[in-house]
Amino acid sequence: MPVSSSSSESFTPPGRTERRRQSWREWLIEVLRFGIVGALAYVIDTGLFNFLVYGPGHLWREIPVRAKVFSAIVATLCAWVGNRYWTFRHQRRSTARWELFMFIVVNLGGIAIAAGSLAFSRYVLQLNSLLADNIAGNIIGVGLGTIFRYLCYRYIVFTGDADAAPR
């Protein structure tokens with residue numbers, strides 16, 4: 001007996017296509033959560049760095065680069081947890097290790113964008129002032145890196161799969 005299909009029935013595979021169907025309100029909430037998690041990660045990174053280098057006992061005063069790497073790692077892990085369990089909680093992957101790996105790769109890309117923006121300002125445009133460095137690296141670079149991170153988190157890192165937690 002032949003199987004007939006009704007045109008009123010449609011199948012949408014789970015994952016990306018499902019996530020793209022989002023109201024403006026849902027998208028705005030997602031973006032706000034992403035911003036809150038990012039701001040918290042920034043505070044953790046900056047606060048921990050300053051505590052380690054300039055806090056009581058000046059624990060890592062002689063090794064500020066290590067302090068920065070350590071504080072950035074802690075902040076990145078906190079951002080992953082916040083984004084995984086709050087911002088993109090409906091799009092988590094079932095394989096947390098792969099998701100964390102992709103999260104780290106994307107964050108390295110965001111860092112490269114900020115550093116590239118600063119390098120372009122310094123070495124191509126020959127802008128060497130404190131103001132130019134902050135505009136290029138901390139405003140334009142971080143801004144472009146943040147847009148890059150959000151899009152990558154949404155479409156590459158937190159893609160959700162068939163085994164993901166139910167909504």
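**Contacts and layout**

I began with contacts in the protein chain between residues at least 6 apart in sequence: 66% of them join residues at least 24 apart. I was working on a predicted model. I then looked up the secondary structure and found 5 helices and 0 strands. From the N terminus on, the order reads α-α-α-α-α. I also looked up burial over the chain, and 29% of its 167 residues count as buried.

Ala-72 and Thr-46 sit 26 residues apart in sequence, yet their C-alpha atoms are 8.4 Å apart in space. I placed Ala-72 in helix 3. Its relative accessible area is 26%, so I logged Ala-72 as partly exposed.

**Helix 3**

I went through helix 3, residues 64–87, and asked which of its residues are buried. My list has Ala-67, Ser-71, Ala-75, Ala-79, Trp-80, Gly-82, Asn-83, Arg-84 and Thr-87. I kept the helix rule in mind: with 3.6 residues a turn, residues three or four places apart point the same way.

**The nonpolar core**

I turned to the largest nonpolar core, which has 15 residues. Which members touch the most others? I noted Phe-88, Phe-103, Tyr-153, Val-157 and Phe-158. Helix 2, helix 3, helix 4 and helix 5 each supply at least two residues of this core. Helix 5 gives the most, with 4 residues.

I then took Phe-103 by itself. Leaving out residues up to four places away in sequence, I found that Phe-103 touches Thr-76, Ala-79, Trp-80, Asn-83, Tyr-153, Val-157 and Phe-158.

**The largest pocket**

I looked for open space next. Rolling a probe the size of a water molecule over the atoms shows where empty space is left. The largest pocket holds about 1000 Å³. I counted 31 lining residues, and Tyr-42, Asp-45, Asn-107, Ile-111 and Arg-149 lie nearest the pocket centre.

Which helix gives the most to this lining? I found that helix 3 does, with 9 residues. Helix 2, helix 3, helix 4 and helix 5 each supply at least two lining residues. I sorted the lining by class and got 19 nonpolar, 9 polar and 3 charged residues.

**Cysteines**

A disulfide is a covalent bond between the sulfur atoms of two cysteines. I searched for sulfur pairs within 2.5 Å and came away with 0 disulfides. Cys-78 has a relative accessible area of 36%, so I put it down as partly exposed. Cys-152 comes to 10%, so I put it down as buried.

**Positive phi**

My last check was on backbone angles. Most residues other than glycine have a negative phi. I noted two exceptions, His-58 and Gln-126.

Phi of His-58 is near 45 degrees. I found His-58 in the loop between helix 2 and helix 3. Is this residue buried or partly exposed? I logged His-58 as partly exposed, because its relative accessible area is 36%.

Phi of Gln-126 is near 60 degrees. I found Gln-126 in the loop between helix 4 and helix 5. Its relative accessible area is 53%, so I logged Gln-126 as exposed.

Methods
Residues numbered from 1 in each chain as written. Predicted model: local features only at pLDDT ≥ 70, side-chain atom pairs only at ≥ 80, totals over all residues. Heavy atoms only, no water. Buried < 20%, exposed > 50% of the residue type's maximum accessible area, 1.4 Å probe, protein only. Core = buried A, V, L, I, M, F, W, Y, C linked by side-chain atoms within 4.5 Å. Contact = heavy atoms within 4.5 Å. 1 Å grid on protein atoms, 1.4 Å probe; cavity = no way out; pocket = protein on both sides within 12 Å on 5 of 7 lines; lining within 4 Å. Points joined across faces, edges and corners; volume = space filled by probe spheres on them. Nonpolar A, V, L, I, M, F, W, Y, C, P; charged D, E, K, R; others polar.
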